[in-house]
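Please go through the model below with backbone geometry and charge pairing in mind. The notes after it are grouped by topic.

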Amino acid sequence: MTVTLALHRDARDAVGERLEAAAPGARLAVYDAGGVTVEGAAVDPATLDVDLMWLSPHVLRAADVPDRAAAMAGAFALAKGFRSLKVLETFNAGLDDPRYGELARAGVAVCNSSAQGIAIAEYVMAQVLAVMHPVERQRELQAARRWEVTPFRELSRTSWTILGHGPIGAALAVRAKAFGAEVAVVRRSPEKPEAADRVGTLADLPDLLPGADVVVVACPLNEETRGLFDAAMLARTKPGAVLVNVARGPILDEGALVAALDAGRPGVAVLDVFDAEPLPEDHPFWTHPKVRLTAHTSFAGDGTAGRWEALFLDNAARMARGEPLARRVDPRDLGVAEGVA
């Protein structure tokens, strides 16, 4: 079966030889900001039927686009501009961008990414350990040549509530459990994961928060979760708890979080995502003593890029063999009613 695969020029350069082995004979439609070429010749996207388009991170790193927003806009415009497109595979884990829903309503299947799961889980573990272990104080004592015992909290004596059990939440639950922590997972399914001690749905979250030493937000942004952590929800967190958000900024009410931190519930917030990105220079999070923030960088482990490539190559091979694709998103999760598209 000959398939047509669309991918960015830089992505082609990164996976070209492996792609030939994964999908022998595939026709490549190579795109960049200058247009689309097939076998080196420029073509009008409106004349192309594409089986699988890879919206890869190379789109954001290309030198021929002014910024991330323009890069994404160009990629989505191209996806809509093909005469037909069967499947869009994206590097995004979260699909709250409404343009994914628009494609789904037009009949395009969407496959998301699990490549970030390991990196983000390790980021969370590192941040929580940094809160509970006085590493900075130990460095200060070393510099001052002072011999002083520095007590710390053991993760084995903590209770975690992880909101979301996709690739990120699942990888995190395994790691927290390996430290001996008690783990509760909040997910849609009532089935308890092997790495969890307890499982609940979103309705159970208010009852799980008061006992959690660590609360991690790793769920999709949707109508159920937007503004979920408002003043009332934050007030249910345990005094001194660590709240980590690696999902999307709008899940937390930022103004309410500042007030809640001032009141000590939670005790510390580790934030990698925000309502506005980049975070404005005058935002109170920059200087708040109980906030540890990073610039949406939790995905940036040195293994993520390789996993992105492996996921695409796997689906390209599946497409070439006529097999079901991996990580295909339920259209209902993209706002498409059952029976539509």
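This is a predicted model: local features need pLDDT of at least 70, side-chain atom pairs count only at pLDDT 80 or more; totals for chains, interfaces and linings use all residues.

Residues are numbered from 1 along each chain as its sequence is written, and side-chain values use heavy atoms, with hydrogens and water left out.

**Salt bridges**

- Side chains of opposite charge can pair when their charged atoms come close.
- The count is 22 salt bridges, each defined as a side-chain nitrogen of Lys or Arg within 4 Å of a carboxyl oxygen of Asp or Glu.
- Arg 9 and Asp 10 form one of them, at 3.3 Å from N to O.
- Exposure classes use relative accessible area: buried is under 20%, exposed is over 50%, and partly exposed is in between (1.4 Å probe, protein chains only).
- Arg 9 is partly exposed because its relative accessibility is 27%.
- Asp 10 is also partly exposed, at 25%.

**A salt-bridge network**

- Arg 137, Glu 140, Arg 146 and Glu 148 are linked in a network of salt bridges.
- Within it, Arg 146 and Glu 148 pair at 2.7 Å, N to O.
- Glu 148 also pairs with Arg 137, where the closest N and O atoms are 3.4 Å apart.
- Arg 137 sits in helix H6 (135-144) and Glu 148 in the loop between H6 and strand E8 (159-163), so this pair ties together parts that are 11 residues apart in sequence.
- Helices (H or I, at least four residues) and strands (E, at least two) are DSSP runs, numbered from the N terminus.

**A negative patch**

- Asp 230, Asp 253, Asp 275 and Glu 277 gather in a surface patch of negative charge.
- Patches are made of residues with over 30% relative accessible area and no salt bridge; like charges are joined within 9 Å, and nonpolar side chains (Val, Leu, Ile, Met, Phe, Trp, Tyr) within 5 Å.
- Accessible areas come from the Shrake-Rupley method with a 1.4 Å probe; for residues, only the protein chains shown count as cover.
- Asp and Glu count as negative, Lys and Arg as positive; His and the chain ends are not counted.
- A charge is placed at NZ of Lys, CZ of Arg, CG of Asp or CD of Glu.
- Glu 277 lies in the loop between strand E13 (268-271) and strand E14 (291-293).
- Glu 277 is partly exposed, at 39% relative accessibility.

**Cis peptide bonds and positive phi**

- Most residues other than glycine have a negative phi, and most peptide bonds are trans.
- The bond from Glu 277 to Pro 278 is cis, with omega near 0°.
- Pro 278 is in the loop between E13 and E14.
- A cis peptide bond also joins Arg 265 and Pro 266, with omega about 5°.
- Pro 266 lies in the loop between helix H10 (254-263) and E13.
- Glu 39 is not a glycine, yet its phi is positive, at about 55°.
- The loop between strand E3 (35-38) and strand E4 (41-43) holds Glu 39.
- Glu 39 counts as exposed, at 79% relative accessibility.
- Arg 327, not a glycine either, has a positive phi of about 60°.
- Arg 327 belongs to the segment after helix H11 (304-321).

- Pro 206 is in helix H8 (residues 205-208).
- Pro 206 is partly exposed, with a relative accessible area of 22%.
- Beyond neighbours within four places in sequence, Pro 206 is in contact with Met 233 and Arg 236; contact means heavy atoms within 4.5 Å.
- Pro 206 and Ala 259 are 53 residues apart in sequence, and their C-alpha atoms are 19 Å apart.
- Pro 210 is in the loop between H8 and strand E11 (214-217).
- Pro 210 is partly exposed, at 37% relative accessible area.
- With neighbours within four places in sequence left aside, Pro 210 is in contact with Arg 236 and Lys 238.
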